[in-house]
Each structure stands twice: as C-alpha cells, then as structure tokens.
Amino acid sequence: MAAAMKNARVVMPGDIIDNVHNLQASTDKKSKLRLGPGLRQDKDDVVAFKSGILRHRNPATFWIDCSQKRYVPVKEERVIGIITNKTGENFKVDVGTSMAASLSFLAFEGATKRNRPNLQIGDVVYARLSVANKDMEPELDCTDGAGRSTGLGALSGGFMFTCSLGLTRKLLSKDFILLPLLGKYFPFECTVGSNGRVWINSKTSAHIIAISNAITNAEYMTETQIRSMVRQVVEGIM
C-alpha cells in the first residue's frame, strides 16, 4: 500500500482501495483514519466513487484528487458561500452544491437572539461545514466548534471567483509556492474554500485582478513556470 501511495495511484469509481484496517496500520496508529472527497467506507473496505489520483496526507487522511467542479460537501471542510435567502432563524447559503446550505443566525462568535449578524442577500461568508450528509441539508457554522471565529465569518469587499476543486486543494497545500511568492510583492488577503471558490482583497483593483489571474493560470504550471509567471506579473504592475 505504501508503494502505491508513493507512485500516485490512479483509481476509477468502484475500485477497492484497501481494507480499512490495512490503511490504518499503514499510517500513524494513534490518529483516526479520515476519508476525504472521492472515498467512502463499504463495510471493511475503502472504495472509490470518483476517478482520479489517490492522495495521502499524514497522519491518516486519504482522498481522490480530480479536476471536477461540482462540490460534494464534506464535514469540517471550510467553504465560501453566498447568502441567497433568510428563512426564520437561518440564512440559506449557496456553496456550489445541488442543495443550499443552512446557516443559523446564532452560528457566529458572540451572536445572540438580540445581537445577530447583519448579513444581506448577496453577502459572502467563509464557514465550516458542521453537517454534511448525502441525505440531509448541509449545515454551516462560522465558529470553530468552540465558539471562536478563527477567521470564519463575513468576507467584506474584495473579489470572489471560482476554479476547479483540484486548484483549491493546491492553494491549500503548504507546498504550493504561488501565494507566498505573490505575497512578497503584493500585500493581499486570500481566503480559499474547499468548494472551488477563492476570495481576494488587496489595495487596488489592479492588484486584485493580477493576483486572481495568476491563481487561475497556475493550475497546471510547474514551480519554474509559476516563478516565471509571477515575475511577469510584477513587471506588468510595477
């Protein structure tokens, strides 16, 4: 199994990845096995339901890396959503899935029945998926589960755009050099949602456009190509 992971194994829907116990034994035994997008447990087997490349992140997380654009909710992932409606005690939020997610008025740090967040239809929020089940409406929370926002909540101003889920996973990886490289030349804020949405804010519109274009263009570039592209972007702005 370890060799398969090292060689970036390609899988198809229906492929049996391995036995759950074997996967657990191949990783840190103290950490709970986590199955990300594209994988599900069927009795004692881990089975792929998407085509793509099997990935592993220490200590015990496995998922299928693919370039799909339709997001499937995964519990505890952080996503960027758009407020589409207010119903009773909840906001309805578009997170790019077939079903709108629900966000309670009280699911914000310090929120009470009298002190509610002043969000309007069309506002953008960064939230955590507290409930994600194929048979239930997704539920969002703008706290970390302990009542603190830790960067979650409304995203004011800036510019939001969509990209492939594969690119957002790259942007969330510590090994992807693009965002740190851009940060050396442009002061900017960047929030990446696991649902294929990216929010950018910077001092000027020109910087926002340059950064968003650089992110979109970098999806299939090598590290050398990314460095060259960033130099061209800087030269074009400065």
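**Charged pairs, strands and surface**

Arg227 is partly exposed, with a relative accessible area of 35%, where buried means under 20% relative accessible area, exposed over 50%, and partly exposed in between (1.4 Å probe, protein chains only). The model is a predicted one, in which local features need pLDDT of at least 70 and side-chain atom pairs count only at pLDDT 80 or more, while totals for chains, interfaces and linings use all residues. Residues are numbered from 1 along each chain as its sequence is written, and side-chain values use heavy atoms, with hydrogens and water left out.

Arg227 forms a salt bridge with Glu223, and the closest N and O atoms of this pair are 3.3 Å apart; a salt bridge here is a side-chain nitrogen of Lys or Arg within 4 Å of a carboxyl oxygen of Asp or Glu. Because Arg227 and Glu223 are four residues apart in helix H6 (residues 223–237), they are separated by about one helical turn. Helices (H or I, at least four residues) and strands (E, at least two) are DSSP runs, numbered from the N terminus. Glu223, with 43% relative accessibility, counts as partly exposed.

Salt bridges that share partners join Glu76, Arg128 and Asp141 into one network. Glu76 lies in the loop between S7 and strand S8 (78–87) whereas Arg128 lies in strand S11 (residues 124–131), so the pair ties together parts that are 52 residues apart in sequence. The two partners can also be described by their accessibility: Arg128 is buried, with a relative accessible area of 7%, while Glu76 is partly exposed, with a relative accessible area of 38%. The backbone of Glu76 deserves a look as well, as this residue has a positive phi of about 80° although it is not a glycine.

The structure holds seven salt bridges, and another of them is formed by Asp144 with Arg148, whose closest N and O atoms are 3.6 Å apart. Asp144 is partly exposed at a relative accessible area of 24%, and Arg148 is partly exposed at 47%. A further positive phi, of about 40°, is found at Thr150, although Thr150 is not a glycine. Thr150 lies in the loop between S12 and strand S13 (153–155) and is partly exposed, with a relative accessible area of 42%.

From the charged pairs, we turn to the strands.

Other pairings involve strand S5 (residues 45–48), which pairs with strand S2 (residues 16–19) in the antiparallel sense over three bridges. The bridge partner of Ile16 in S5 is Val47. Strand S4 (residues 39–42) is also joined to S5, by four bridges, and runs antiparallel to it, with Leu39 standing opposite Ala48 in S5. S4 and S5 form a hairpin with two residues between them, and Lys43 in the turn has a positive phi of about 60°.

Strand S12 (residues 139–142) contains Glu139, which is partly exposed with a relative accessible area of 35%. Glu139 and Trp63 are 76 residues apart in sequence and, from C-alpha to C-alpha, 22 Å apart in space.

Finally, consider the surface. Which residues form a positive surface patch? Lys32, Arg34, Arg57 and Lys75 form it. Patches are made of residues with over 30% relative accessible area and no salt bridge, like charges being joined within 9 Å and nonpolar side chains (Val, Leu, Ile, Met, Phe, Trp, Tyr) within 5 Å. Lys32 has its place in the loop between helix H2 (20–25) and strand S3 (34–35), and Lys32 is exposed, with a relative accessible area of 71%.

Definitions and conventions. Areas by Shrake-Rupley, 256 points an atom, 1.4 Å probe, with all protein chains shown as cover. Lys, Arg positive; Asp, Glu negative; His and termini not counted. Charge placed at Lys NZ, Arg CZ, Asp CG, Glu CD. Pairing = 2+ DSSP bridges.
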